[in-house]
Amino acid sequence: MNEHDQERIEQLLKKSLPPIRARVGAELGRGLWPAMLRRLEERPTAVPWFDWALLAAVAAWLVLFPGAIPVLLYHL
Amino acid sequence: MVEPPSEVLRQFCHGSLDAFEALFRRHQGEVYGWIVGIVRDPAAAEDLTVETFWRIYRAHARFDPARSFGAWARRIATNAALDHLKAARPETDLLDELVAPRLPEPGISDELRRKTAQAFRRLPPKLQVAATLALIEEQPYKEIAEALGISTGAVKVRVFRALRFLRKALKQQGIEP
């Protein structure tokens, strides 16, 4: 594709899809903060995978060594 | 974008919701404008603006207050917009008609305009975003490069490839641009 072809396709593209940002971007009349707050509230904080792994390890330990339960309770 | 005071940025880094709200209110218009330029759908752009700030809020601890918040926000917004384009591509064919009903353009038929727009939306999203920002929205290459996390040279390559794809797609429909 030579420079002339490139220029023609650019022009065709600009005529087919005019810029939208300057016009619509300025029309954001309503604030989005209420929607943002809803989003922050609806998403519970994800528990990191490491915490789940630790919980599973402790559960396995207690199943395998039930005698450790009093020791664990003492240290809580 | 006008950068917020560094104290607000520091508080944001420490997870302050008040600082986040101040940043949100200051930057929501710019972020929305950037996204709507990419996805060309005002309703989707509103949702993506919220999604972008959600990602920003989650990543607050990783933000370096010495750097530009606006550039960081644009990068996250671009990723959110790219994810949207990858997920919902074929449904956006007629959005431009809904958003911007146009007067007849001299030298171009409605059919050619429609086919060009359709072919453009079928480009790989990464090429489409680069070409949209560079050629349609006429954003500076440096800003586009920062938003995409690539060099300005790589942006130019993507734009060139987008035009080449577009030319090929139009030729396949019997249109010689």
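This is a predicted model: local features need pLDDT of at least 70, side-chain atom pairs count only at pLDDT 80 or more; totals for chains, interfaces and linings use all residues.
Biologist: In what pattern do the elements of chain A run, from the N terminus on?

Modeller: Helices (H or I, at least four residues) and strands (E, at least two) are DSSP runs, numbered from the N terminus. The secondary structure of chain A comes to 5 helices and 0 strands. From the N terminus on, its elements therefore read α-α-α-α-α.

Biologist: What share of the residues of chain B count as buried?

Modeller: Residues are numbered from 1 along each chain as its sequence is written, while chains are lettered from A and ligands numbered from 1 in the order in which they are written. A residue is buried if 20 or more other C-beta atoms lie within 10 Å of its own, exposed if 12 or fewer, and partly exposed in between, with C-beta atoms placed from the backbone. In chain A, 13% of the 76 residues count as buried. In chain B, with 177 residues, the share is 38%.

Biologist: How many helices does the secondary structure of chain B come to?

Modeller: The mean pLDDT of chain B is 88, and 86% of its residues reach 70 or more. Along the sequence, chain B follows the pattern α-α-α-α-α-α-α-α-α. Its secondary structure has 0 strands, and its helices number 9.

Biologist: Which helix gives the most to the side of domain 1 of chain B that touches domain 2 of chain B?

Modeller: An automatic or database domain assignment sets the bounds, and chain B is divided into domain 1 (1-93) and domain 2 (102-177). Two residues are in contact if their C-beta atoms, placed from the backbone, lie within 7 Å, and this contact takes 13 residues from domain 1 of chain B and 13 residues from domain 2 of chain B. On the domain 1 side, helix H2 (17-39) and helix H4 (69-87) of chain B each supply at least two residues. The element that gives the most, with 8 residues, is H4(B).

Biologist: Which helix gives the most to the side of chain B that touches chain A?

Modeller: The predictor gives the complex an ipTM of 0.76 and a pTM of 0.78. The contact takes 36 residues from chain B and 26 residues from chain A. By class, the chain B side has 18 nonpolar, 6 polar and 12 charged residues, where Ala, Val, Leu, Ile, Met, Phe, Trp, Tyr, Cys and Pro count as nonpolar, Asp, Glu, Lys and Arg as charged, and the others, Gly among them, as polar. The most, 9 residues, comes from H2(B).

Biologist: At which residue does H2(B) bend?

Modeller: H2(B) has 23 residues, and its end C-alpha atoms are only 29 Å apart, short of the 33 Å that a straight helix would reach at 1.5 Å a residue. That expected span is 1.5 Å times one less than the number of residues. The bend at a residue is the angle between axes fitted to the seven residues ending there and the seven starting there. In H2(B) a bend of about 50° is found at His27(B).

Biologist: Is Arg40(B) buried or exposed?

Modeller: Most residues other than glycine have a negative phi, and most peptide bonds are trans. Arg40(B), in the loop between H2 and H3 of chain B, has a positive phi near 55°. Because 26 other C-beta atoms lie within 10 Å, Arg40(B) is buried.

Biologist: Does Glu138(B) count as buried or exposed?

Modeller: Glu138(B) is found in the loop between H7 and helix H8 (141-148) of chain B. Its phi is positive, about 55°, although it is not a glycine. Because it has 12 C-beta neighbours inside 10 Å, Glu138(B) counts as exposed.

Biologist: Which residues does Leu163(B) touch, not counting residues up to four places away in sequence?

Modeller: Leu163(B) has its place in helix H9 of chain B and, with 25 C-beta neighbours inside 10 Å, counts as buried. Leu163(B) and Phe120(B) are 43 residues apart in sequence and 8.9 Å apart in space, C-alpha to C-alpha. Not counting residues up to four places away in sequence, Leu163(B) touches Met1(A), Gln6(A), Ile9(A) and Glu10(A).

How values were computed
pLDDT is the predictor's confidence in each residue, from 0 to 100.
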